[in-house]
Number of protein chains: 2
Amino acid sequence: MVFSPDRRSLLGGLAAAAGGWIGTAGAAEGRLQVPVWTRQQGSPVASPAYGVPSRFEDGIKRRPRTPPPIPTAASSGTPLQHLHGIITPAGLHYERHHAGVPDIDPDQHRLVVHGLVERPLAFTMDDLLRFPSVSRIHFMECSGNTSTWGGGNPKWTVQDTHGLISCSEWTGVPLATVLQEVGVKPEGRWILAEGADAAAMTRSVPIEIALDDAILAYAQNGERLRPEQGYPLRLFLPGLEGNLSVKWLRRLKVGDKPFQSREETSKYTDLMPDGTARQFTFTMEAKSVITQPSSGHQLRERGLYEIRGLAWSGRGSISKVEVSTDGGQTWREAELQQPVLSKCLTRFRLPWQWDGGPALLQSRATDSTGYLQPTKEQLIRARGLNSNYHFNAVYGWQLNAEGAVTHVV
Amino acid sequence: MVFSPDRRSLLGGLAAAAGGWIGTAGAAEGRLQVPVWTRQQGSPVASPAYGVPSRFEDGIKRRPRTPPPIPTAASSGTPLQHLHGIITPAGLHYERHHAGVPDIDPDQHRLVVHGLVERPLAFTMDDLLRFPSVSRIHFMECSGNTSTWGGGNPKWTVQDTHGLISCSEWTGVPLATVLQEVGVKPEGRWILAEGADAAAMTRSVPIEIALDDAILAYAQNGERLRPEQGYPLRLFLPGLEGNLSVKWLRRLKVGDKPFQSREETSKYTDLMPDGTARQFTFTMEAKSVITQPSSGHQLRERGLYEIRGLAWSGRGSISKVEVSTDGGQTWREAELQQPVLSKCLTRFRLPWQWDGGPALLQSRATDSTGYLQPTKEQLIRARGLNSNYHFNAVYGWQLNAEGAVTHVV
């Protein structure tokens with residue numbers, strides 16, 4: 001544990017901060033009155049047979065940042081400000097759909113693999129479930145996450161600004177195994193992935209990525225994929241922009257060049273200051289954000305707090321996270337939750353004594369390649385202000401003297 | 001990947017097995033007709049705002065093995081035969097309650113710590129959430145899991161026989177931190193943990209365990225605990241019998257000896273052949289079970305399958321899992337899903353060619369202490385047949401020539 005002050009300082013900090021919750025013996029034992037829920041039998045087992053959160057957690061939900069004009073072509077964010085550890089419950093995994101969530105019968109679903117292959121094949125879900133499988137814990141991030149290149153709103157929470165990232169244990173067949181099965185011809189260099197949703201979402205993936213760590217995923221956090229995550233089958237490309245991990249996957253076509261679909265020409269490209277566009281910018285660069293305290297939180301007293309946040313990199317693992325509470329003048333290294341996994345969320349934590357003054361809370365991540373998360377100024381200098389994608393700059397939350405935390409505009 | 005036969009053998013095995021799913025080019029592309037769900041817009045984002053599984057997965061649920069006579073004092077098992085990887089979705093985590101699930105208002109809930117301490121204290125949930133936190137992925141197993149010392153029913157599934165184990169990422173305050181805060185007196189050697197359910201479930205925990213890796217857990221798989229798992233607060237003791245990890249935790253009392261509560265005298269003891277009872281048998285020993293194929297599964301064709309299962313040990317990590325398909329005459333080492341974590345489920349996998357004959361499928365685990373999971377004969381020789389707890393023997397599933405898998409009675 002990084003946090004190990006002598007007993008008195010922790011006690012003192014909390015005692016001062018919490019304004020009297022440290023009781024006396026009498027006060028403590030006075031709290032042992034039998035509460036109403038100990039006086040009656042509770043609910044039976046398996047009611048419900050598939051469990052749900054407590055009714056007191058009813059406010060913890062996915063939500064779009066603003067009511068979307070077309071709710072089937074929209075996104076909803078994960079409530080990072082309320083979450084702990086690195087796993088995102090499937091019910092709170094962020095969403096980004098282009099024509100809504102289809103209601104697919106898995107027995108009717110097929111994956112067709114064709115194009116420049118020796119043996120075009122159609123796979124049932126039962127076929128895919130028989131193949132050798134892998135499970136790995138990885139983040140998934142929409143490349144449009146944190147599209148706040150300029151401005152914003154002081155009320156935006158981390159769910160609004162960074163909610164298009166989540167993390168799950170994904171299980172499925174290595175794509176390489178299925179490609180071995182169909183036999184990719186030597187001239188096969190790119191693969192088109194197509195979804196069975198009404199948008200027929202299509203993206204091109206280089207063969208090197210497909211043969212590396214790509215997964216045909218059918219399960220998430222132990223159970224079959226949720227409908228919003230591509231049930232019954234999705235492509236999963238660790239560390240790359242979420243849009244590439246095509247949901248409701250029905251087709252893989254092997255070709256000799258990229259297919260130039262709408263989603264890789266008009267969308268998911270980055271317009272640069274010189275008028276050219278960066279295309280096929282797959283990898284999600286190192287990034288981090290403080291989730292507690294963050295915008296919308298209210299500190300009630302001075303004293304000891306634990307600053308908590310998340311860091312990740314599509315290029316490997318996180319090697320270091322630093323936290324500043326003075327707007328970047330000084331930085332302290334946070335503790336990283338173990339094990340630190342590749343292309344996975346990493347939880348960081350740092351104890352902090354709030355003295356009651358204003359504070360600007362920021363974090364910056366370094367990944368295993370040595371890459372340091374840039375400042376917003378550095379990022380804009382390199383990429384301009386025309387792009388909506390791949391914003392990974394250092395982010396801050398403003399704490400005022402009353403303990404209110406807001407988004408920095 | 002352990003599984004890397006030459007292309008022809010994998011193809012041949014699957015082609016022979018799957019009875020014609022390997023199409024021709026025409027057949028494969030014939031499957032590209034546009035399905036009904038691609039012809040219409042799907043559901044909007046955040047509908048529901050807290051997601052649920054597909055309606056096609058409706059049968060995957062927790063359930064009691066038999067309808068319990070007292071449904072508030074009963075258990076329900078995790079459907080291991082349908083799960084993947086190591087994480088158990090919170091909605092499918094096994095249950096064991098002694099007076100049902102209380103409906104606790106977290107703002108009213110208090111944890112009182114008293115007895116042989118310098119400063120008896122009552123903590124609110126907000127207090128506990130401010131303390132330095134940890135998150136770790138650990139299994140939890142009821143010591144009554146697999147209480148099939150003799151007999152059984154051929155229809156029992158792995159949910160029936162082994163379903164009282166699940167695995168989550170648990171987050172909370174190290175118990176050691178809170179004990180440091182109250183100041184345990186030198187004569188304090190045991191701690192009584194009491195739940196706020198109507199059973200007021202109480203167990204005694206040695207101070208050495210409390211100061212080691214025990215957690216006051218408030219979150220599970222990223223979100224706050226589910227009601228069935230002790231919302232808003234439970235004790236979590238990694239690797240030890242689940243009953244010790246008292247749910248709905250309202251009180252910790254430090255004493256100089258064990259408190260000899262009902263749950264550690266009449267229950268949760270192991271009656272030995274000589275008439276004495278083993279008491280305070282906390283640790284869950286190394287154990288493993290094959291989950292796919294397992295009882296209730298039906299293999300449709302000969303050919304290649306992946307045998308999958310779970311292994312775990314309360315004494316550390318799993319170092320090896322071996323699988324036998326011939327009733328224990330020969331054993332092959334399975335691949336372990338990485339990373340292998342301490343006191344955590346470990347998924348194992350082994351490719352296997354089914355030739356169409358009967359087979360007895362078994363697994364045995366070795367843990368990081370060198371301990372090998374015993375045979376049922378070895379276990380009964382050591383412990384007799386009077387106990388309901390701590391059964392960890394090698395388990396088998398019988399596959400017949402028609403591909404049906406049943407529980408071995």
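Predicted model: local features only at pLDDT ≥ 70, side-chain atom pairs only at ≥ 80, totals over all residues.
**Entry: how the copies relate**
The same surface serves both copies, since 99% of the contact residues of chain B recur in chain A.

**Entry: a strand in chain B**
Next I picked strand S12 of chain B, residues 249-255, and asked how many of its seven residues are buried. I got six, so I noted the strand as mostly covered. S12(B) has S3 (residues 111-115) of chain B as a parallel partner, joined by four bridges; here B:Val112 pairs with B:Arg251. S7 (residues 190-195) of chain B runs antiparallel to S12(B), with six bridges, and I found B:Ala193 opposite B:Leu252.

**Entry: two domains in chain A**
I turned to chain A, which is divided into domain 1 (90-155 + 164-277) and domain 2 (287-407). Their C-alpha centres lie 29 Å apart. The contact draws on 31 residues from domain 1 and 26 residues from domain 2. About 2500 Å² is buried between them, and carbon and sulfur atoms give 58% of that. Which residues of domain 1 lose the most area to domain 2? I found A:Phe139, A:Trp149 and A:Asp270, together 31% of what that side buries.

I also checked for charge pairs: two salt bridges cross this domain interface. In chain A I also noted a salt bridge between the side chains of A:Asp213 and A:Lys343, at 3.0 Å, N to O.

Key: Residues numbered from 1 in each chain as written. Chains lettered and ligands numbered in written order. Heavy atoms only, no water. Buried < 20%, exposed > 50% of the residue type's maximum accessible area, 1.4 Å probe, protein only. Helix = DSSP H or I, 4+ residues; strand = E, 2+ residues; numbered from the N terminus. Pairing = 2+ DSSP bridges. Contact = heavy atoms within 4.5 Å. Domains from an automatic or database assignment. Buried area = accessible area lost by both parts, 1.4 Å probe. Salt bridge = Lys/Arg side-chain N within 4 Å of Asp/Glu carboxyl O.
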